[in-house]
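Dear colleague,

I am passing on the structure that we talked about, and below it you will find my notes on what turned up in it. Please read them with the model open beside you.

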Amino acid sequence: MQSEQDHPHAGQPVDSQPVERESTGRIVISVDAMGGDRGPSAVVAGCVQSLRDNPRIDILLHGDSAALEPLIAREPALAGRLTLVHADRAVTMNDKPSHVMRHGKDTSMWSAIAALKDGRGHAAVSCGNTGALMAVSMLQLRRMEGVNRPAIACLWPARGHHGFNTMLDVGADVKAEAEDLLAYAIMGVTYFRNGFGEPRPRVGLLNVGTEEHKGRAEIKAAHELIARHEETGRYEYVGFVEGSDIPSERVDVIVTDGFTGNVALKTGEGTAKLISDLLRQSLTSGPLAMLAALLARGALRRLSTRIDPRRVNGGVFLGLNGTVVKSHGSADATGVAAAIGLAAKLAQSGYQGRMAERLVIAAKTAQDAAPSGEQE
């Protein structure tokens with residue numbers, strides 16, 4: 001382990017650091033160690049697991065050095081691949097985003113995003129306060145051109161041949177106008193295309209029914225906009241979809257506002273846990289049930305892995321000039337490692353540039369199509 005003070009690049013301009021990292025093919029993930037419900041021990045354990053899983057990853061770990069140094073010292077796997085960056089304070093789950101924006105420069109969350117901004121890291125990960133993380137990320141990284149409201153995208157286990165669908169927004173902003181939902185569609189498609197190699201992902205707009213006359217005014221307006229930009233965004237628009245379609249093979253990218261998306265996400269997580277608990281109770285209810293569980297243990301293990309939310313942990317902030325992954329606040333080592341692995345994969349993919357290009361094209365197309373009196 002190295003501290004920021006004894007790091008070989010200490011004292012050099014920060015923008016000189018990424019040059020050597022990139023030339024050696026290293027992927028540097030900037031991790032907030034202090035924001036999770038389980039404390040820094042779970043984050044450090046997740047760092048260990050992620051480094052074992054991917055030999056190309058290095059980590060900048062931000063947090064209280066007094067709390068972190070003993071944890072890091074017990075993990076030989078971190079030697080030479082983790083740099084500790086001291087931060088005096090941590091953002092709590094009760095902190096208001098506006099307060100963190102004004103007074104949070106000495107926090108581990110701020111430090112983790114600052115490392116991404118100045119080029120020391122290729123992507124950032126935090127288990128902390130979602131609102132504060134979005135606010136700090138927007139303040140330091142700024143929004144992409146053509147994006148009014150950034151979104152959080154999640155992966156959802158699904159029946160399709162890719163095994164997952166993508167849904168956004170799942171909590172960045174409770175509001176979304178028609179233009180925002182179009183931007184979500186383009187961002188979600190770019191994310192899905194680069195993650196799964198699907199040339200023309202299928203997009204659905206979440207609604208209370210599939211009939212065209214249903215839904216709020218902004219949903220109907222978004223329906224027309226998203227359909228009109230199929231070629232610009234290089235996707236296939238399947239129209240309105242319902243909640244039952246989220247895990248279906250009918251669609252790849254589900255677009256919705258952050259309020260609806262977050263409720264759907266938490267409902268899905270709770271349902272998965274309920275099914276797991278009920279299944280465990282049933283399979284331990286008696287000798288015959290326990291024998292059946294023993295005979296089916298391979299299939300049950302595969303099912304458990306398939307629906308385990310920890311293994312797809314990580315909501316990606318889309319629409320910012322930088323890759324930020326929000327890990328679940330209650331994530332354990334497996335969940336933290338999954339979030340770091342996702343951040344590393346995205347950092348390698350180059351999806352940011354392609355997303356920015358599509359957003360600019362869509363914004364220009366919409367502006368050119370607007371009546372002259374509506375253009376700014």
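How far is the sulfur of Cys47 from the closest cysteine sulfur? The distance is 9.3 Å, to the sulfur in Cys127, and this is too far for a bond, given that a disulfide is counted as a pair of cysteine sulfur atoms within 2.5 Å. By that rule the count comes to 0 disulfides. Cys47 is buried, at 0% relative accessibility, and Cys127 is buried as well, with a relative accessible area of 4%; here buried means under 20% relative accessible area, exposed over 50%, and partly exposed in between, with a 1.4 Å probe and protein chains only.

Before the rest, a word on the basis of these notes. This is a predicted model, in which local features need pLDDT of at least 70 and side-chain atom pairs count only at pLDDT 80 or more, whereas totals for chains, interfaces and linings use all residues. Residues are numbered from 1 along each chain as its sequence is written, and side-chain values use heavy atoms, with hydrogens and water left out.

As an overview, the protein chain has 14 helices and 12 strands, which are DSSP runs numbered from the N terminus (helices H or I, at least four residues; strands E, at least two). Of its 376 residues, 49% count as buried.

If neighbours within four places in sequence are set aside, the residues in contact with Leu61 (heavy atoms within 4.5 Å) include Val31, Cys47, Leu68, Ile72 and Leu84.

Strand E3 (residues 57–63) runs parallel to E4, and 5 bridges join them, where two strands pair if DSSP finds at least two bridges between them. Strand E4 (residues 82–86) is mostly covered, as 4 of its 5 residues are buried. Together with helix H3 (residues 65–73), E3 and E4 make a right-handed β-α-β unit, right-handed meaning that, with the strands pointing away from the viewer, the path from the first strand over the helix to the second runs clockwise.

Some backbone details deserve a look on your screen. Most residues other than glycine have a negative phi, and most peptide bonds are trans. A cis peptide bond, with omega about 5°, joins Leu168 and Asp169, and Asp169 is found in the loop between strand E7 (164–168) and H7. Arg142, although not a glycine, has a positive phi of about 70°; Arg142 sits in the loop between helix H6 (130–141) and strand E6 (151–157) and counts as exposed, at 52% relative accessibility. Arg234, also not a glycine, has a positive phi of about 55°, is found in the loop between helix H9 (230–233) and strand E9 (236–241), and is partly exposed, with a relative accessible area of 32%.

With kind regards
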